[in-house]
Amino acid sequence: MARAFLFVLDSFGIGGGPDAAAFGDLGADTLGHIAEFCAAGAADRPGLRQGPLKLPNMSALGLLHAARAATGRFPQGMDVPPRVFGYHGAASEVSNGKDTPSGHWEIAGTPVTFDWGYFPSEGDAFEPELVEAICTAGNVPGILGNCHASGTDIIARHGLAHIRTGKPICYTSSDSVFQIAAHERHFGLDRLLAFCETVRKILDERPGGRIGRVIARPFTGERPETFERTGNRRDYSVLPPEPTLLDRLTEAGRTVHAVGKIGDIFAYQGISTLTKANGNMALFDATLRVMDEAKDGDLVFTNFVDFDMLYGHRRDVPGYAAALEAFDRRLPEVDRKLKAGDIVILTADHGCDPTWRGTDHTRERVPILSFGPGLRSRLIQTRTTFADIGESIARHLGVPPGPHGRSFL
């Protein structure tokens, strides 16, 4: 019995979403546009990176061929390797959203077929009755924000008033989220988490579409120029609509090791062990440690959040490119940890094209790059659902298949 390692490069889409037009994302291509900017010198940043996008390890695993399967062309300016190793291809999403829970749940074999609830983009995001209910139940004197906003911008705008009044900063985005920012010291981290739990309960009882996540966004600093969000973020998700691959594995007596925000995304359902870390490189270090602990039959599931949170949403092309190159350089460390029969799958949960309009996720296909000792090269073409990823892991680890998706192994 072998092990499986599933790594999600959060938001690393490769374009070509067949229904992108329905989401206003026709032409979005996270990898393709980053590569295009790099090739043109538009992603050079002194002291950070320069020149064409260089991802030799992922390219050798079939990344560029996966991108061609998704879009019909190789990314601009990137070196196409003479030989490709492992299984490689792309996958389209069928879930009714382009958000984190939808993507991850579908990867784990459970597409989202219901409609998420969203808050208005114009005027107040939260209706007076909801604000009154959370303020009363959460014992706060009111809220600040109450709008669609970038998290860093709204903290800079309202942080001082928050410290002075004790009112939490509440905001939303194009995703199905209710986000709450509060100062770790002046408001208190434990108090923020308790307040988020209260809001989660109220939203669950509220009529209308389901709100996917309540997100705690703690920050520190005493002035707008020093305000900084910390690594103590916590997501309070609704439960997946049916059992996922994680549930099937734990019911079969296997251990599911969640690294990063995986536990939050699945509302801690089907999770055996939890390892937190802040930042891609810290998450990589933590993943390597968990790989050493994983036994036969185990799944190690990691989300690398920086691609999305720090670079995609902030439309930072040089930062995204540099983060991809840093991740790529470390992939040989994963390879050296593998034992006979192990399998690694690299993928993404949606796109977040940093060249696209606005700051929202983008509807795109995602790469599937799978490798391990003895796994021969094979183009698996474009899969019709992310659920094929979960079903491939299920087959590899010897648990019964689920109702969605089909293994590519």
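This is a predicted model: local features need pLDDT of at least 70, side-chain atom pairs count only at pLDDT 80 or more; totals for chains, interfaces and linings use all residues.
Reader: Why does Asp-25 count as buried?

Author: Asp-25 has a relative accessibility of 3%, and buried means under 20%; Asp-25 therefore counts as buried. The residue lies in the loop between β1 (4–9) and α1 (30–39). Beyond residues up to four places away in sequence, Asp-25 touches Ala-20, Lys-98, Trp-356, His-361, Thr-362 and Arg-363.

Reader: What makes the link between the side chains of Asp-25 and Lys-98 a polar contact?

Author: The side chains are joined at 2.6 Å, and the cut-off for such a pair of N or O atoms is within 3.5 Å.

Reader: How far apart are Asp-25 and Arg-363 in sequence and in space?

Author: They are 338 residues apart in sequence, while their C-alpha atoms are 6.0 Å apart.

Reader: How many aromatic pairs are there, and why is the pair of Phe-7 and Phe-304 called edge-to-face?

Author: The count comes to 14 aromatic pairs. The ring centres of Phe-7 and Phe-304 are 6.1 Å apart, and rings pair if their centres lie within 6.5 Å. Their planes stand at 90° and over 60 degrees counts as edge-to-face, so the pair is edge-to-face. Phe-7 belongs to strand β1 and Phe-304 to strand β11 (residues 299–304), 297 residues apart. Both Phe-7 and Phe-304 are buried.

Reader: Which residues do ring pairs link into a cluster with Phe-7?

Author: The cluster holds Phe-7, Phe-284, Phe-304, Phe-307, Tyr-320 and Phe-327.

Notes
Residues are numbered from 1 along each chain as its sequence is written. Side-chain values use heavy atoms; hydrogens and water are left out. Helices (H or I, at least four residues) and strands (E, at least two) are DSSP runs, numbered from the N terminus. Buried means under 20% relative accessible area, exposed over 50%, partly exposed in between (1.4 Å probe, protein chains only). Contact means heavy atoms within 4.5 Å. A polar contact is a pair of N or O atoms within 3.5 Å; within protein, one must be able to donate a hydrogen and the other to accept it, and residues adjacent in sequence count only if both atoms are side-chain atoms. Rings of Phe, Tyr and Trp (its six-membered ring) pair if their centres lie within 6.5 Å; planes under 30 degrees apart count as stacked, over 60 as edge-to-face and the rest as tilted.
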